[in-house]
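Welcome! Here is a short tour of one structure, with a look at its ligand and at one residue.

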Amino acid sequence: MQAGRLLEVGQFVVREEPDPVPGPGEVLVRVAAAGICGTDRHLLRGEFLGKPPVILGHEFSGIVEAVGEGVTSHKAGDRVACDPNIACGACPSCLKGRINLCENLSAVGVHRDGGFATFSAFPAHRALPLPDHLSLHDAALAEPLACCLHALDIGAPRPGDRVMVLGGGVIGLLCVQLARLAGAEVLLITRSAQRRRIAEDLGALTLATPEEAGRLWPRGADLVFECAGVAETVAQAPGLAARGGRVVIVGVLARGEKVAVEPFDLLVREVDLRMAFVNPFTQSRAIDLLASGAIKAAPLVTREVGREELPRILAEPPGPAEVKVLVTS
Ligand code: NAP
């Protein structure tokens, strides 16, 4: 099969490899669509806890080709989306139901081979069934949407709240849609005119810089989602929140990177700084939201590419018109 493998930090290749064989409890999935995520670029640069050599790709959908020993939950031909995060179920965090904080957490496409390949073998309980009317292309966005759903659960916007989103990538634009669905007034800050147009079509206000946001909402936002994953916007986020407001950091900064915050300001304005990490128990809801059309995937898919284009795409920052690139062949 064709596989896009991170050999070591900074070295990603697409090459022929043997087809994987599903082990006991696993499914073998023929990958239909796999999204390129900001985290794949972080992994290439060694900024996230990956485990090379590994086939990248943790946002993908496909059709079950075969099942391993003991699997009765799935059969060949089933349409599925991969929920990549595998919790141990036995550590103190898992026993408290905090599976995304599992002490032994591993992920398909991060620590074990993922979906930038013709086939992927992974645990059957991580292959979530898809309704017939949800396309496999749209289903490839279930994982990033599930992460954003967790961020929304953490931020808990109320109808009428003013919600600001920093960063207009797919994560920012999915948070925009979810906050609109929750009845909030939403302002996306993104430097890209093309991304502003997409967000406006999805019902958001948009601006190019946080400075302009201060003029539009002088008291600040009830809730700020940091979805850029850069130190500058993480540092700016608390100052953009209103008195008593909340900030949810969704973006990933490089391990060891530090950002200055002013605790006095957080204290006297009671700004609540929260973190949202991956997708605990949210991916089935994400699939339902995509299937119902309440969340739209199509406007966010700006390009479909073949696997051979992956090395070049991962090595470059996303272009200003790029939101989600799907690998479909
Ligand atoms: P992306 O497509 O690369 O988008 C990031 C956006 O950040 C860009 O569109 C850009 O927006 C903005 N940005 C980049 N540099 C900036 C700067 N210097 N100043 C201001 N804005 C800047 O990434 P994504 O897939 O949407 O993911 C966003 C972040 O979320 C990444 O860090 C990713 O790793 C992380 N993530 C976290 C989770 C989680 O569980 N917490 C899950 C998935 C992804 P403009 O150019 O439009 O301004």
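The report below starts with the ligand and ends with a single strand residue.

This is a predicted model, in which local features need pLDDT of at least 70, side-chain atom pairs count only at pLDDT 80 or more, and totals for chains, interfaces and linings use all residues. Residues are numbered from 1 along each chain as its sequence is written, and side-chain values use heavy atoms, with hydrogens and water left out.

**Around the ligand**

Domain 1 (2-141 + 297-327) and domain 2 (145-275) both contribute residues to the shell around the ligand, so the ligand lies between them; the domain bounds come from an automatic or database domain assignment. Of the 26 residues around the ligand, Thr190, Arg195, Val250, Ala276 and Val278 come nearest; a residue is counted here if one of its heavy atoms lies within 4 Å.

| Residue | Its atom | Ligand atom | Distance |
|---|---|---|---|
| Val170 | backbone N or O | oxygen | 3.1 Å |
| Arg195 | side-chain N or O | oxygen | 2.6 Å |
| Ala276 | polar backbone atom | nitrogen | 2.8 Å |

Taken alone, the ligand exposes 910 Å², and the protein buries 86% of that (Shrake-Rupley method, 1.4 Å probe).

**A look at Val67**

Val67 sits in strand β5 (residues 59-67); strands are DSSP runs (E) of at least two residues. Val67 is partly exposed, with a relative accessible area of 32% (partly exposed falls between buried, under 20%, and exposed, over 50%). Beyond neighbours within four places in sequence, Val67 is in contact (heavy atoms within 4.5 Å) with Pro22, Glu26, Val27, His74 and Lys75.

Conventions
Polar contact = N/O pair within 3.5 Å; in protein donor to acceptor, adjacent residues only side chain to side chain. Helix = DSSP H or I, 4+ residues; strand = E, 2+ residues; numbered from the N terminus. Buried < 20%, exposed > 50% of the residue type's maximum accessible area, 1.4 Å probe, protein only.
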